[in-house]
Amino acid sequence: MSGIVIEKVRKSFDTKDGVVEALKDVNLNIDSGDIYGIIGMSGAGKSTLVRCMNFLEVPTEGQVLIDGKALGDLTEKELRKQREEIGMIFQHFNLLMQKSVIDNVCFPLYIKGKKKAEARKRAAELLEIVGLGDRQNAYPAQLSGGQKQRVAIARALASDPKILLCDEATSALDPQTTSSILELLKKINKQFGITIVIITHQMSVVREICTHVAIMYEGEVVEKGLVADIFANPLHPYTEALFSAIPMPDPDLKRNRIILEGNIPSPANPPKGCKFHTRCRKCMEICKNQVPEVKDMGNGHKVRCHLYD
């Protein structure tokens, strides 16, 4: 199968407070060329999941397949080769501050053994694509946040990846700059056919760029499907709460804001039953004792909630 397949992935960590299950029974199918959003608040497991996609974190159980190849079956050499097809950009850019813009973009090309002239030619092409052709000799300290992220995107594209993982890539940017970066990612997706995975806590980002979305809470995917379907008909109470926080473009229009009561459960001591039941305004007795199964609501829209038993 072409694209990314996450099958029954679980990831746990040993901590001083006990074993923390950061991911539990995560299943996703991300088609080649798609722009797929993964959303949730801090601690939901989003970043752990994206690091499992390139095996920077090895799942405790389950498997990750890229274009039909199980990453867990690859040798170290094969895994390094596979990672060349997976680019990554981060919230805080992770640029080399003592290197110029073009040298930052050249860095992965030098690692691959490209000669300096060839690397700089490719880097210059990529900087043109991201709109920084005239800033090649600048240094990161001379750039705005949006420009730094454009350099990071150019660097991620240097190895001609098939997949681009974006971990909170717009969280440190203002709304106008965020919009311009999202437009750039859409352009790259269309021009190169790159599969893009967007990790975010901003529903507005998902609405603007993604075709599919998965909503995570405490290490579990509680709802997933087409963005259009989920925005039109959010099913899980947690999804409804996230949607209620999206600002309205018209200041005279008001949403009925859903305020989540209670505290986020301790990852080392999660509640019985549905993990969300301690904060859910629609909690039923069954939610406190029994883990809900995933229900298929049609057209790929799936939800993990007892409301739909």
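Keep in mind that this is a predicted model.

**Exercise 1.** Find which element gives the most to the lining of the second largest pocket, then describe that pocket.

*Solution.* 
- Step 1: H9 is the top contributor here, giving three residues to the lining of the second largest pocket.
- Step 2: Now place H9, a helix that spans 237-244. Helix H7 (203-209) and strand E9 (212-217) also supply at least two residues each.
- Step 3: Check the space, which is about 360 Å³ for the second largest pocket.
- Step 4: Look towards the centre of this pocket. Of its 24 lining residues, Met 41, Ala 241, Leu 242, Ala 245 and Arg 257 sit closest to that point.
- Step 5: Sort the lining by class, and you get 16 nonpolar, five polar and three charged residues.

**Exercise 2.** Work out how much space lies in the largest pocket, and what lines it.

*Solution.* 
- Step 1: The largest pocket holds about 620 Å³ of space.
- Step 2: Its lining has 17 residues, and those nearest the centre are Arg 83, Ile 86, Pro 108, Ile 111 and Ser 159.
- Step 3: Turn to the elements. Strand E6 (86-90) and the helices H2 (76-83), H3 (101-111) and H5 (145-157) each bring at least two residues to this lining.
- Step 4: Pick the top contributor to the largest pocket: that's E6, with four residues.

Definitions and conventions:
Residues are numbered from 1 along each chain as its sequence is written. This is a predicted model: local features need pLDDT of at least 70, side-chain atom pairs count only at pLDDT 80 or more; totals for chains, interfaces and linings use all residues. Side-chain values use heavy atoms; hydrogens and water are left out. On a 1 Å grid over the protein atoms alone, a cavity is a set of points where a 1.4 Å probe fits but cannot get out, and a pocket is an open set with protein on both sides within 12 Å along at least five of seven lines; lining residues have an atom within 4 Å of a point. Grid points are joined across faces, edges and corners, and a volume is the space filled by probe spheres set on the points. Ala, Val, Leu, Ile, Met, Phe, Trp, Tyr, Cys and Pro count as nonpolar, Asp, Glu, Lys and Arg as charged, and the others, Gly among them, as polar.
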